[in-house]
Amino acid sequence: MSNNTEKDSFKSKIGGQALIEGIMMRGIDNAAMACRLPDGSIDVETWQIRNGKTAPWYTKTPFVRGCINFFITMKEGIRCTMKSAEKQITDDDEEEELSPFEQWLTDKFGEKLVSVIMIVTVVAALVLALVVFKGAPVLLANLLAKIGAPEWSRPITEGFLRLFLLVGYMYLVSLTESMKTTFMYHGAEHKTIACYEARKELTVDNIKTMTRFHPRCGTSFILIVLIIGVIVGIFLPRENAWVRFGLQMLCLIPEASISYELIKLAGRYDNLFTRIISAPGLWLQRITTREPNDKQIEVAIAALEPCLPKDSADDKW
């Protein structure tokens with residue numbers, strides 16, 4: 001890495017995502033995913049991406065690109081997550097006797113079975129999340145208003161309930177062994193990018209000294225969307241709970257667009273305003289990231305190295 005000889009740190013455009021026993025990194029021109037296979041080896045896949053001058057206008061235009069890029073990132077993240085899950089299947093797993101229902105699914109979908117299951121699971125999870133995080137607080141706040149709570153308190157109540165649900169959900173899933181591992185990979189991703197931004201050599205020892213908290217993170221994005229949604233909710237009609245819920249769903253598009261631009265600012269600049277923006281997300285990352293072990297850091301290095309640009313100037317904001 002020629003840019004490691006430079007002394008000053010910088011803000012990179014490279015981002016990533018934790019997978020199942022792996023990490024996906026997305027750079028300027030290339031993306032890569034690295035997974036620790038059941039036999040202990042590291043499997044790396046790389047592919048080119050459309051970025052910079054070759055990317056469509058709608059992925060670069062402020063306040064338009066937010067939702068588009070979020071959808072692209074989510075789609076790519078789901079694809080990589082499904083592939084990382086498939087890589088964990090061993091020959092012993094395939095030889096296990098299947099139940100009649102499992103056999104029917106296998107005959108119906110063949111090699112695409114894992115992908116189908118993952119897609120169904122993700123879609124169901126997204127629908128459930130929207131209903132729980134958007135709908136339930138509206139109905140509960142409406143119920144409180146009917147039993148005497150002041151009208152002005154409704155948006156605050158909804159916001160508090162959404163925050164409670166989000167943090168509570170993150171905390172509960174962090175207690176499971178599988179998510180503990182995923183959050184460790186999440187920490188490895190952040191620490192490795194931080195090491196690269198500090199222009200230090202990408203070694204396990206160097207990366208272990210880096211922070212696992214990063215302002216340009218999906219966790220921060222979700223929390224900013226939630227906070228903006230609370231502000232927008234102050235100005236939405238409150239007479240009908242279903243109308244209010246419908247409008248809140250429609251407002252997700254501009255809320256996500258604004259949040260995306262704020263995350264971009266936080267990733268590019270370091271000042272009082274961006275620190276205030278980043279603070280809630282960095283706090284939540286205390287739940288969604290964990291200190292990784294050496295083997296997980298090795299996976300993060302393997303995922304990041306193919307994404308590094310030949311000219312470090314191309315990776316400056």
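A residue is called buried when its relative accessible area is under 20%, and exposed when that area is over 50%. Arg 65 has a relative accessibility of 15%, so Arg 65 counts as buried. The model you are looking at is predicted.

Side chains of opposite charge can pair when their charged atoms come close. In this model the count comes to 15 salt bridges. Here are three of them:

| Pair | N to O distance |
|---|---|
| Glu 261 and Arg 65 | 2.7 Å |
| Lys 180 and Glu 177 | 3.5 Å |
| Glu 197 and Arg 216 | 3.9 Å |

Let us begin with the salt bridge between Glu 261 and Arg 65. This pair links distant parts of the chain, 196 residues apart: Glu 261 belongs to helix 10 (residues 252–268) and Arg 65 to helix 1 (residues 65–86).

Lys 180 and Glu 177 sit 3 residues apart within helix 6 (residues 177–197), which is about one turn of the helix. Lys 180 is partly exposed at 26% relative accessible area, while Glu 177 counts as exposed at 58%.

Next come Glu 197 and Arg 216, whose side chains also meet in a salt bridge. Glu 197 lies in helix 6 and Arg 216 in the loop between helix 7 (204–208) and helix 8 (218–233), so this pair ties together parts 19 residues apart in sequence. Both Glu 197 and Arg 216 are buried.

Finally, salt bridges with shared partners join Asp 43, Glu 45, Lys 83 and Lys 87 into one network.

Note on methods. Residues numbered from 1 in each chain as written. Predicted model: local features only at pLDDT ≥ 70, side-chain atom pairs only at ≥ 80, totals over all residues. Heavy atoms only, no water. Salt bridge = Lys/Arg side-chain N within 4 Å of Asp/Glu carboxyl O. Helix = DSSP H or I, 4+ residues; strand = E, 2+ residues; numbered from the N terminus. Buried < 20%, exposed > 50% of the residue type's maximum accessible area, 1.4 Å probe, protein only.
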